Every structure is written in structure tokens, then in C-alpha cells.
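Visitor: I would like to learn how to read a structure like this one. Please take me through it feature by feature.

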Amino acid sequence: MTEQPRLKRKAKGERPYFFSDPSIDKLLAMLMGLAGEVSVLRDRLDTVERLAEQNKLFTRAEIENYQPDEEALKERAERRAVFLGEVTRIIEAELEGMQDEDDAPYSQALELVNRTES
Amino acid sequence: MQTSELEQNRHAILPEPKHDELARQQFVRSFKEHLVAHVHPGNRLAYEHRVKPAFVRENGQEPDNRFEIRDVMTLDPHYRMFSALLRTSQEMMWSASQQPVQRELQALAEKAKSTQGAGGSLRLDPGLEIPRYHRAVDIHCQPGGYHTEVTADDVAPGAVYDRAVFIYAMGQMGPDNADMGASAVAWIKENHPGFNPARILDMGCAVGHSTVPYAQGWPDAEVHAVDVAAPMLRYAHARAESLGEKIHFSQQNAEQTDFVDASFDLVVSHILLHETSEKAIRRVIAECHRLLRPGGLMVHAETPPYKNLEAFDAFMLDWDTRNNNEPFWGRSHDIDYVELSSKAGFDPETVFEVMAPSAYQIAQARRSKVFQGGDFGGGGLWFLYGAEKQGEPGR
């Protein structure tokens, strides 16, 4: 099977970066990409809800009035905690480093492995 | 047919996005609307609130042109955030518009080839050189530009562009992206009553979205349209045929076409001039003069020249020059149209520069009413520049 030809994905021309550190521009672009995917997911859920209603499976009013029981509340809280832990991982990792004092300057490790005399 | 600005009218050759592809495209539009309504206005606020006062403290006077404003605004955190977001929205727009096209790539090419019925034509010239100003960067950041082909009988750049224009304009050009052409047609009819062109030429027509209103406005006219990019023209031809509009497309450079002297009554273009160059724009206007019959009319739709704008607004409208792959945008907005026209042979007395109201009335109420980068068509008016060729018609 021959491979499908691919459209060019990048526009010819040097891309401008607006912040003093281009990483900020890149981070922002990733954030908006993520926001876009959340929006896509929400639209898809909206389609599911409307189709369910149309096909008489359940109504959107039932969703609005849904009362999670004890077990559902617990599972959701756990899921949210995991979610937040993943998203804010970089901040927590830094705190863990302070706590365990395993954030000594990296140069020390470099020095250690490159040492020629014992 | 829909008549809303919420979604684009479907036609036979427009790619059909799948559920999530459509949601992705609609997000980009919402993102752009949000930038226009809530983030863009912050630029003026930041300028008045902190950037200008700091400039005055330092220099004892206010900045008096767009270049001085640019030098200080590019350091402002809000302007930087706005710019980074606007550039990102542009890249997301192309990416989201590409997805269904990539998926249907060959099917679209096949479909375009077999779409006919209105009696229009397509004439390609594989030997035509794509001008350097068009190859230097991919204009308005469309990956591959208008001319890159990746498959036989490729129409992909046209299919991507047709969808992206709707998202870019946030529906403000109407469900058929027709507002520039439609507004120019309405202006001509109102200001030149009795003008009834027999032959019309649209230069730099892309997918023919602005050409179609001329065919509709003067149904008895013979309508021609040229562009340098073959894949755009293949798509434009199929699009016009599917809409039932008879238009003759040919692959030609507007600087020098193969039409005979004095063979058109009306020569038009829509946002073509700022995509050319200092040398090319002069050749394009001279070509208009050559092609027009005595008594004929030339009309070019553009965004408004900087001379009519406040320095801050000119600075904001100039955003595209560096940030959206529009290298000639800035210079073209400073062009002296009277000088340009008279050097091309037009009588300077006949040169006009007007703001024509948008023919697409539905969007009016929701427009932001300002000209600003990334809010194309937001002003609710189109700038028209043109001239008349002297002499009596019908000779």
C-alpha cells in the first residue's frame, strides 16, 4: 500500500516569538491546544446527551438532577485528586525535592562522576 | 441554504468535517472571537494606561507614529500575551482546517475533477512561474501557501483556504465568504448606475469566493478570474460549478495576463495588492489599465490605508506585517494610490478611495466596529480603491 501524501504542516517563514523566553510562547500554544481538545470533548459529550435524549435513553434534565451516591462521590473525589496531582506535578516535585533534600546542585553529581582522584 | 453567520454554507466541494474535526474548527473561531472581544481591547488600555505615560516621561512627548508606538508596545506584557495568542489562533486555524482535507485528499481531487454543470472553464499553465514574492514565505501562514501540490490534480490548498477564510473572518464575511465581492458589487451599482459590464476580470481570485458575487450581480456578463496557484484554481472552478456560477478561471499572473488590450469593462481584486511587492503592484495596476476598455472601471478591495487611521490603530492593523507572514502589508498600506494610478496611465482625477459598507448586514450588529489585527472584516466597511479609464465606452 502506498503511503498517503501528507500536506505540509508548517508555514514557510521564520516564526515570531513574543516573550523574552520563546518557551513561554510554546507553553501558551500547548495550553490553547489543550483548551481546544477540552472544548472538542465537551462538544462531543453534548452530542451524546442530545442523541440520548432524542433516542429516549435519558434526558439532559436527568443529568442536571443526578444525585451521586456515597460511592460515586468517593470515586469522583479520588479521580479529581489524581487529575490535579498529574497536572500540578512539577510544583509538587519541587516541594518533594526540598523536603527530601535531594535537590543538591546538579553540578555536584557531574563533579562526582567525573572525579579522577578518589 | 443557511443565512446565519454561525456556520458556513455547504457546497459540493467543501470538505465534510467529522464531529471532532468540526468541534476543533469551531473552537478556533470561538477562541478568535474571545481574543477580539476581550483580549484585543487590552492593547489600547495598556497603551493609554502605562506604555504612553512611560514614553512621555522619558521623551517629554507622545509617540507620533506607528513605528515609535511599535518600539514600546512590543515590550508590553499584555501586547506580548495578545500577540502570542493571536499567532497561536492562526496556526490552530490552519491545522484544524487541514484535518478533513488531509483525510479526504484524493477523494476531493477526484470530486473536483468531475464537478461541472454551470458552463465555466479552467485553463492551467504548468509553465507559469510562481512569483518570488509569493514563494518567499507562505502567506498568512497557510502551510505550503496557495501553490504547493502533494497529489495529482491537487485541490487541497483551496479546500483548506475556503474553510479557513470562514473561521478567520468569524463568519463576518457571510456564510459564503462573499462579503468583499458582494460589497464591491453593491458599491459599484450604487455609485455607477447604468454601468453594465459585459466582461469582468477578478485578479488573484484564490477560491473565487469574491468572484461569485460578480457573476450573480451581472448575470449576463462574461466573468474571468486569474490566480498564480493551480490547486486554488481547480478548487475555485469546482466550487463555482457546484454553485451554478459560470466563471472562466485561468492560471495567470495579474502582472501580465494573455488577455487582449481593452477587453474588459471591469477589473477587480480583493486583498490581492498587499500580497504582491513594490514592483509587482505597479505592474498589476498597469495591467489593469491595459485590459480596460475606455470608460471601464478598476476596483481593488483592501484594508484601509494607514494615512486614514490614528497612529495606534495603524500600529495594531500593522500586526500582520511581521507576525502573520504578510511582508508587503505594511508598505502597501502606505502607498500613494493617486501616484500609483497615474504612473500606470490612469487620469488622477478619476482615482477614488472610499469606505464601502459591508453588504452582509446580518453580522453588522455584532461587529466590533474597529479595524484591528486578527479581526478581519470587523470594521463593517471595506476599503475600495480604483480608477476609471478615460474615453467613451463602446468604441
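Visitor: Into which domains is chain A divided?

Guide: Domain bounds come from an automatic or database domain assignment. Here chain A has domain 1 (18-66) and domain 2 (68-118). Between the C-alpha centres of domain 1 of chain A and domain 2 of chain A the distance is 28 Å. This is a predicted model, in which local features need pLDDT of at least 70, side-chain atom pairs count only at pLDDT 80 or more, and totals for chains, interfaces and linings use all residues. Residues are numbered from 1 along each chain as its sequence is written, while chains are lettered from A and ligands numbered from 1 in the order in which they are written.

Visitor: What span should helix α4 (residues 89-100) of chain A have?

Guide: Helices (H or I, at least four residues) and strands (E, at least two) are DSSP runs, numbered from the N terminus. The expected span of a helix is 1.5 Å times one less than its number of residues. For the 12 residues of α4(A) that gives 16 Å, and the end C-alpha atoms are 16 Å apart, which agrees.

Visitor: Is α4(A) buried or in the open?

Guide: A residue is buried if 20 or more other C-beta atoms lie within 10 Å of its own, exposed if 12 or fewer, and partly exposed in between; C-beta atoms are placed from the backbone. The number of buried residues in α4(A) is 0, so this helix lies largely in the open. After α4(A) comes A:E101, with a positive phi near 50°.

Visitor: How many residues does the largest nonpolar core have?

Guide: A nonpolar core is a set of buried Ala, Val, Leu, Ile, Met, Phe, Trp, Tyr and Cys residues joined through C-beta atoms within 7 Å. The largest one has 111 residues, and B:A184 and B:V267 are among those with the most contacts inside it. Helix α4 (residues 77-103) of chain B gives the most to this core, 10 residues.

Visitor: In which strand does B:A301 lie, and what does B:A301 touch?

Guide: B:A301 belongs to strand β6 (residues 292-302) of chain B. With 23 other C-beta atoms within 10 Å, B:A301 is buried; in β6(B), 9 of the 11 residues are buried. Two residues are in contact if their C-beta atoms, placed from the backbone, lie within 7 Å. Not counting residues up to four places away in sequence, B:A301 touches several residues, including B:A184, B:H270 and B:W382. Two strands pair if DSSP finds at least two bridges between them. Strand β5 (residues 264-270) of chain B pairs with β6(B) in the parallel sense over 6 bridges, and B:H270 stands opposite B:A301.

Visitor: How many residues does the contact take from chain B and from chain A?

Guide: Chain B supplies 31 residues and chain A 23 residues. On the side of chain B that touches chain A, the largest share, 10 residues, comes from α4(B).
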